[in-house]
Each structure stands twice: as structure tokens, then as C-alpha cells.
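Here is a quick tour for someone meeting this protein model for the first time. Have a look at it, then read on.

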Amino acid sequence: MRIGLIKPDYPDEKRVALLPEDIQDFENELVVETGFGEYLDVSDDEYIAKGCIIKGRGEIYRECDTIFNLKLTQPSDYEYLRENQMIIGWTHPTGSGTDFMEKQAIPKKLIIVDLDNIFPFIFTADRKISIDFLKPNFIWKNSFMAGYSSTIHALVSFGMVPDSSTKVAVLSSGNVAQGAYNAITGYNCDVRMFYRKTMNEFYDSIKDYNLIINGIEIDSDNEHIITKKQLDTLRKGTFIIDAAADAGRAVEGTHYTSISKPVYKENGLYFYEVNNSPSIFYRKSSSIISKVMSDIVFSKDVKRYWDLIS
């Protein structure tokens with residue numbers, strides 16, 4: 001089958017999801033947007049040499065029933081979307097992509113393949129279909145990068161250099177939290193990692209921390225890792241980095257920020273809520289993503305995704 005690869009225009013997104021070096025014996029015909037690899041100085045000719053077809057954005061949407069767009073489709077592309085088209089990538093239908101789902105995906109009967117690292121699903125009409133051939137943690141290295149990138153970028157943006165007097169809480173022990181822990185421990189500060197079983201200990205001491213890094217994503221709008229009531233108990237100037245980028249759910253009342261405007265202040269507290277932070281280190285992240293996406297999307301016949309909805 002044919003897959004159209006769109007250069008993502010999500011704010012500040014620079015990752016290149018497929019590199020020529022990873023294209024080998026693919027079962028799909030790839031139609032790649034002009035300038036797809038420009039952030040890594042990869043020319044269109046390099047994709048052509050690997051058997052890809054180069055076309056403009058509008059042509060790709062018109063001619064391809066399957067579209068790969070690494071990050072959430074932006075309003076500038078809404079006019080191109082066709083009914084029953086399949087969109088593969090990180091749409092986050094129950095998170096940052098909720099508005100897109102309500103205004104575009106559902107009315108246009110789009111088939112959304114959301115490649116979440118832990119819970120990959122296909123969303124179509126009123127159905128939510130598990131992608132059984134994708135195992136949990138298939139792209140764990142990108143999740144690790146999310147934790148690492150969020151922490152480094154947040155500190156720089158906030159103008160903060162932690163030291164031995166800085167008390168830090170890292171929530172969770174998953175991939176995102178491990179990346180955050182790897183980054184923050186380089187500053188020789190007072191760090192403690194909390195797990196779901198020890199969260200009560202965190203809550204008992206929550207007001208003692210200068211920096212809180214969350215690595216937990218929530219599946220429900222009705223529960224939170226940190227509530228507004230708990231936020232009210234924090235000391236003035238506390239910095240909260242939501243490395244899981246689960247705005248409004250993990251930390252109640254928060255909203256997304258961007259790489260260009262990553263930190264906001266509210267009620268004396270500071271918040272970081274960027275949901276594409278690995279793009280900060282886009283060279284390393286692109287290498288990670290390309291190898292995984294080659295294996296799970298591009299190399300094998302994409303018909304296997306279509307078959308799941310039949």
C-alpha cells in the first residue's frame with residue numbers, strides 16, 4: 001500500500017520520523033513531502049535514491065488514503081483531510097488532540113492510529129481498537145527522552161541551576177520519570193523518587209519540595225496526581241515540571257505550554273507543560289523514532305492497520 005509522509009507543522013516540532021538510512025526493503029510505497037528531512041539536512045534526492053516519491057503536501061493528502069504525521073494535525077491541514085482517511089502518528093485523542101477529534105476526526109470519519117507507547121489504539125467512529133501486534137514500550141527510548149528533555153529545557157527556561165539545597169521529588173519510576181531522574185541527578189541535588197505505592201509519603205511532605213517532576217499519565221479526567229487543593233499547600237515559587245505532559249489531568253488545572261513559551265506562573269507557582277519536548281534534542285530523537293517507525297509502520301504492509309477495522 002501507499003503511505004504519505006507529512007512534515008509535521010506542530011509548533012516547534014523538528015523531529016524527522018524517517019531517515020533514508022533506515023529505509024530498506026519496505027513493503028509500502030512511500031510518498032514523502034518536499035523538504036521532509038530539512039531539519040537534519042536530508043535532501044529530497046536522498047529519499048528518491050531510496051525509492052520514495054516526492055510530492056507536495058496537498059497532493060499527498062489527495063492521493064494517499066494513509067497519512068503519517070508524527071504530531072497532532074494542525075488547523076492549516078484541515079482543508080486537506082478526506083473522509084475515511086487514516087492518520088497515523090501521535091494524535092493523543094483523549095489529551096491534546098481532543099479538539100481535533102471532535103471537530104475533524106469524528107465528523108470526517110477519520111481513522112486515527114494513535115501510537116501511544118503504552119496503550120496504542122485505533123480510534124474510529126465510536127470504536128476504540130487495540131493494536132495487538134504492538135507491544136507496550138515499543139518506543140520507550142522516546143519516552144525516556146521526554147523526561148530528560150523536559151527537565152533540562154524546563155530548568156534552562158526557568159533560569160534554575162539546582163544544587164545541594166534544592167529538594168526534588170520525581171513521581172513514578174517509568175520511562176519518562178527515569179529520563180527526568182537521569183537529568184536531575186547530574187546537579188547533585190536532594191532527589192527522591194516516589195512510586196504509586198509511596199505517593200502518600202509524597203503527599204505528607206509535598207510542601208517541602210522546591211521542584212516537583214511528574215512522570216505519571218492519568219487515564220481519567222476525574223482523578224489527579226496533584227490536586228488544586230494540594231497545589232495550594234506548596235511554598236511560593238515551587239516549580240512543577242509535568243514531564244508526562246498530561247495537562248489538566250496529572251496536575252489539576254494545568255494547561256499546555258510550548259517549546260517557545262514553556263513556563264507559566266499561576267498563584268505563585270510555576271508550571272512546565274510541553275508535550276513535544278523531545279524535539280528540543282531533535283537530532284537524537286529523530287534517530288530513535290526513525291528506527292522504531294520503520295519497523296512498526298513503514299516496512300510492513302500498512303494494510304495490517306486497515307484490517308483491524310474491518
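What follows covers the ground rules, a sheet, the aromatic rings and the salt bridges.

## Ground rules

This is a predicted model, so local features need pLDDT of at least 70 and side-chain atom pairs count only at pLDDT 80 or more, while totals for chains, interfaces and linings use all residues. Residues are numbered from 1 along each chain as its sequence is written, and side-chain values use heavy atoms, with hydrogens and water left out.

## A sheet and its helices

Let's start with an open sheet of 6 strands, in the order E10-E9-E11-E12-E16-E15 and with mixed pairing. Strands here are DSSP runs (E, at least two residues), helices are runs of H or I with at least four, and both are numbered from the N terminus. Two strands count as paired if DSSP finds at least two bridges between them. E10 (190-194) and E15 (263-266) sit at the edges with a single partner strand each, so one side of each has no neighbour in the sheet. From one strand to the next, the twist averages 20°.

Strand E9 (residues 167-171) pairs with E10 in the parallel sense over 5 bridges, and leucine 171 stands opposite phenylalanine 194 in E10. Helix H4 packs on the sheet and touches E11 (211-214), E12 (239-242), E15 and E16; contact means heavy atoms within 4.5 Å. The direction of H4 makes about 145° with that of E12. Angles run from 0 to 180 degrees between N-to-C directions, with axes as lines fitted to C-alpha atoms, for helices over the stretch in contact. Helix H5 (residues 175-184) packs on the sheet too, touching E9, E10 and E11, and its direction makes about 160° with that of E9.

## Rings that meet

The structure holds 14 aromatic pairs. Rings of Phe, Tyr and Trp (its six-membered ring) pair if their centres lie within 6.5 Å; planes under 30 degrees apart are stacked, over 60 edge-to-face, and the rest tilted. One of the pairs joins phenylalanine 68 and phenylalanine 298 edge-to-face, at 5.0 Å centre to centre and 65° between the planes. Phenylalanine 68 lies in strand E4 (residues 66-71) and phenylalanine 298 in helix H8 (residues 282-298), so this pair ties together parts 230 residues apart in sequence. Phenylalanine 68 is buried at 1% relative accessibility, and phenylalanine 298 is buried at 0%. Buried means under 20% relative accessible area, exposed over 50%, and partly exposed in between (1.4 Å probe, protein chains only).

Ring pairs also link Phe194, Phe202, Tyr203 and Tyr209 into a cluster. Elsewhere, a charge meets a ring: lysine 7 lies over the face of tyrosine 39, at 4.7 Å from the ring centre. For that, NZ of Lys or CZ of Arg must be within 6 Å of the ring centre and within 35 degrees of the ring normal. Lysine 128 does likewise over phenylalanine 121, with its charged end 4.5 Å from the ring centre.

## Salt bridges

There are 16 salt bridges, each a side-chain nitrogen of Lys or Arg within 4 Å of a carboxyl oxygen of Asp or Glu. Glutamate 63 and arginine 2 form one of them, at 3.4 Å, N to O. It links helix H2 (residues 57-63) to strand E1 (residues 2-6), with the two residues 61 apart. Glutamate 63 is partly exposed at 35%, as is arginine 2 at 27%.

Glutamate 201 and arginine 192 meet in another salt bridge, at 2.5 Å, N to O. Finally, salt bridges with shared partners join Arg2, Glu29, Lys55 and Glu63 into one network.
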